[in-house]
Amino acid sequence: MPRIRHKRLDCSPGCAVEATLELIDGKWKGVILFHLLHGTMRFNALRKRLPTVTQRMLTAQLRELEQDGFVLRTVYAEVPPKVEYSLTERGRTLEPVITALKQWGDTHTRFGTDTQRETEPEATPAGG
């Protein structure tokens, strides 16, 4: 049974957090936003950065980000068609959020060096 999401933000102090997460949830949205922080990308360039995402899923996630006003899709009248994706001004406002998520992940997940050092057993001197 799907969870009911709030449609109004005056229900509790945490509702704004839930509303924000609802906009950027999805397995690939955060990663797409992260890569677009570095500039405009074509569809296949995004696919190369996300090798395990299917074409269908990437298309769906990009469409949702576009509908929510975070991503701009520009189609050039060429053969074959050229399509580029970039962040809108609204999408750029997520930069501190995405950057903070990356920094937290670097520190607290297996991708960060600090966590690896914390979980590795300390070396003991020989003979002691």
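The structure is a predicted model, in which local features need pLDDT of at least 70 and side-chain atom pairs count only at pLDDT 80 or more, while totals for chains, interfaces and linings use all residues. Residues are numbered from 1 along each chain as its sequence is written, and side-chain values use heavy atoms, with hydrogens and water left out. The protein chain has seven helices and three strands, where helices (H or I, at least four residues) and strands (E, at least two) are DSSP runs numbered from the N terminus.

**Overall fold**

- Followed along the sequence, the elements of the protein chain come in the pattern α-α-β-α-α-β-β-α-α-α.
- Of the 128 residues of the protein chain, 26% count as buried, a term that stands for under 20% relative accessible area, with exposed meaning over 50% and partly exposed lying in between (1.4 Å probe, protein chains only).
- Among contacts in the protein chain between residues at least 6 apart in sequence, 42% join residues at least 24 apart, a contact being heavy atoms within 4.5 Å.

**The largest pocket**

- Rolling a probe the size of a water molecule over the atoms shows where empty space is left.
- A pocket is an open set of points, on a 1 Å grid over the protein atoms alone, where a 1.4 Å probe fits, with protein on both sides within 12 Å along at least five of seven lines, and its lining residues have an atom within 4 Å of a point.
- The largest pocket holds about 390 Å³ of space, a volume being the space filled by probe spheres set on the grid points, which are joined across faces, edges and corners.
- Residues lining the largest pocket include Ile24, Phe34, Ile98, Trp104 and Phe111.
- Helix H2 (29-36) and helix H6 (95-108) each give at least two residues to the lining of the largest pocket, and the largest share, six residues, comes from H6.
- The lining of the largest pocket is made up of seven nonpolar, three polar and two charged residues, where Ala, Val, Leu, Ile, Met, Phe, Trp, Tyr, Cys and Pro count as nonpolar, Asp, Glu, Lys and Arg as charged, and the others, Gly among them, as polar.
- Lys102 and Asp106 are among the residues of this lining, and their side chains also meet in a salt bridge (2.7 Å, N to O), that is, a side-chain nitrogen of Lys or Arg within 4 Å of a carboxyl oxygen of Asp or Glu.
- Being four residues apart in helix H6, Asp106 and Lys102 are separated by about one helical turn; Asp106 is partly exposed at 32% relative accessible area, and Lys102 is partly exposed at 38%.

**The second largest pocket**

- The second largest pocket has a volume of about 230 Å³, and among the residues that line it are Arg42, Phe43, Leu62, Arg73 and Tyr85.
- Helix H3 (43-49), helix H4 (55-67) and strand E3 (82-87) are the elements that give two or more residues to the lining of the second largest pocket, and H4 provides the largest share, four residues.
- By class, five nonpolar, two polar and four charged residues form the lining of the second largest pocket.

**The nonpolar core and its surroundings**

- The largest nonpolar core has 21 residues, of which Ile32, Leu33, Leu36, Leu58, Val71 and Tyr85 touch the most other members; such a core is a set of buried Ala, Val, Leu, Ile, Met, Phe, Trp, Tyr and Cys residues joined through side-chain atoms within 4.5 Å.
- H2, H3, H4 and E3 each supply at least two residues of this core.
- Not counting residues up to four places away in sequence, Tyr85 touches Leu36, Phe43, Leu62 and Val71, among others.
- The C-alpha atoms of Thr88 and Gly69, 19 residues apart along the chain, are separated by 6.9 Å.

**Other salt bridges**

- The count of salt bridges comes to four, including one between Lys29 and Glu64, whose closest N and O atoms are 2.7 Å apart.
- Lys29 lies in helix H2 and Glu64 in helix H4, so the pair ties together parts that are 35 residues apart in sequence.
- Lys29 is buried at 2% relative accessible area, whereas Glu64 is partly exposed at 33%.
- Glu84 and Lys82 also meet through their side chains in a salt bridge (3.7 Å, N to O), with Glu84 buried at 18% relative accessible area and Lys82 partly exposed at 22%.
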